[in-house]
Amino acid sequence: MALKHNVAMPTDLRESAGRFGPYGGRYVPETLIPALDELSEALERYWADSDFREELRSYHRHVIGRPTPLTHARRISSELGFDVFVKREDLCHTGSHKLNNALGQALLARRMGKQRIIAETGAGQHGVATATVCAMFGLECVVYMGEEDVRRQEINVFRMRLLGATVVPVSSGTKTLKDATNEAMRDWVTNVESTHYIVGSCVGPHPYPSMVRRFQEVIGIECREQIVKQAGRLPDAAFACVGGGSNAIGFFSGFLADESVQLIGVEAGGRGLDSGEHAAPLTSGAPGVLHGSFSYLMQDDDGQVLPTHSISAGLDYPGVGPEHSFLKDSGRAVYVAATDGEALDAFVWLSRMEGLIPAFESAHAFAALRTYPVPKGGVAVVNLSGRGDKDMAVAAQTLHLGD
Ligand SMILES: *Cc1c(COP(=O)(O)O)cnc(C)c1O
């Protein structure tokens, strides 16, 4: 597969000095600056290194299972009146797009001589991806996870432990992802010499948002080639769910230069935007600083970070990657929200119409697909960021099928 970059808005135009417009930057303790500089240098050096890129390509093919297919969803296409193609990140090893990033960062960490890896995780998908690459490369692995999530995501906790990782439950704050991230940052400050922190989304201080996007860009680059081959044209619209925003930014990157392609990011509307119980910083938040970068954020009038709610743990985060804030303000991408109920409906719909059981996160993208005005006879692509297996217990409790 050719890895030609189709990105017409070049990296250096949309990003400069670690900022996307006003967003991004580094709001971190002084002690982390040398480590972030070291990481930036390693990223630029190895990203330009053909051996590194070849190694990454080889792992894509032989470990992750890339290129992932682009599936023509025929029954939903005929229901909606336009052609829908589904990018199958659910078929990546470990069940979601998360491994694209964890693997890329682990390869970089090895080049940098780091033997110890730390990560934060919410639902456990990023923790499992990180534990997987650490097992592959024989690296020490510590995963921080909120106590509440440890309780809710028993199976993923066991998976991580089976893979040899140490899972550290975090009991501060709301005992969820935001608190786990704080704890991972604290660990990194203390052990920065020996340790690489594999951040799980395109968030955090520079160079993380840019690095994570590069490791996820493969989704959009593959998809652009595939849709042109399979549909004979570019899509009218591209849909992806947005938690921290990594699957969406990787997917959108393939089409950023193609102005005719509308980019639609779908946030977690939870119990409705008016209820206040959601996780939709781009659709209802305001810019502020969280976890080392400046971006849209769910906060109160005093700048305190608000608690979030979503049926999908992977979207249940009050912040979002700075590049999405830039894309929102520039109008190049639009952001909408789908509620828990709409996502659940789409979850059942996609399962029954196409035989694809999506992760709850990805179901949000399909919920937006059902209502967004894509031109009749047009073409839409949707990123299926992960498979639904992890959500079966909650789905079974909530849906009562056949009762
Ligand atoms: C973690 C996760 C997400 C949300 O993370 P992004 O960084 O926004 O992509 C979405 N879908 C799945 C399946 C996930 O595991």
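**Spaces, ligand and loops**

User: How much space lies in the largest cavity?
Analyst: This is a predicted model in which local features need pLDDT of at least 70 and side-chain atom pairs count only at pLDDT 80 or more, while totals for chains, interfaces and linings use all residues. Residues are numbered from 1 along each chain as its sequence is written, and side-chain values use heavy atoms, with hydrogens and water left out. A cavity is a set of points, on a 1 Å grid over the protein atoms alone, where a 1.4 Å probe fits but cannot get out; points are joined across faces, edges and corners, and the volume is the space filled by probe spheres set on them. For the largest cavity the value is about 450 Å³.

User: Which residues in the lining of the largest cavity are closest to its centre?
Analyst: A lining residue has an atom within 4 Å of a grid point. The lining of the largest cavity divides into nine nonpolar residues (Ala, Val, Leu, Ile, Met, Phe, Trp, Tyr, Cys and Pro), five charged (Asp, Glu, Lys and Arg) and 20 polar (the others, Gly among them). There are 34 lining residues, and closest to the centre are K98, G200, S201, G244 and G314.

User: Where does the ligand sit?
Analyst: A molecule sits in a cavity or pocket if more than half of its atoms lie within 2 Å of its grid points. The structure holds five cavities of 30 Å³ or more. The ligand is placed in the largest cavity.

User: How much of the ligand's exposed area does the protein bury?
Analyst: A polar contact is a pair of N or O atoms within 3.5 Å, and ligand oxygen atoms lie 2.8 Å from a side-chain N or O atom of K98 and 3.2 Å from a backbone N or O atom of G244. For the side chain of N247, an N or O atom is 2.8 Å from a ligand oxygen. By the Shrake-Rupley method with a 1.4 Å probe, the ligand taken alone exposes 390 Å², and the share buried by the protein is 96%.

User: What is the volume of the largest pocket?
Analyst: A pocket is an open set of points with protein on both sides within 12 Å along at least five of seven lines. The lining of the largest pocket divides into eight nonpolar, 11 polar and 10 charged residues. The pocket's volume is about 620 Å³.

User: In which loop does P67 lie?
Analyst: A cis peptide bond joins R66 and P67, with omega about -5°. Helices (H or I, at least four residues) and strands (E, at least two) are DSSP runs, numbered from the N terminus. P67 belongs to the loop between α3 (50-64) and β3 (70-72).

User: What is phi of T94?
Analyst: T94 is placed in the loop between β4 (83-88) and α5 (98-111). The phi value is positive in a residue other than glycine, and is near 75°.

Technical notes:
Polar contact = N/O pair within 3.5 Å; in protein donor to acceptor, adjacent residues only side chain to side chain.
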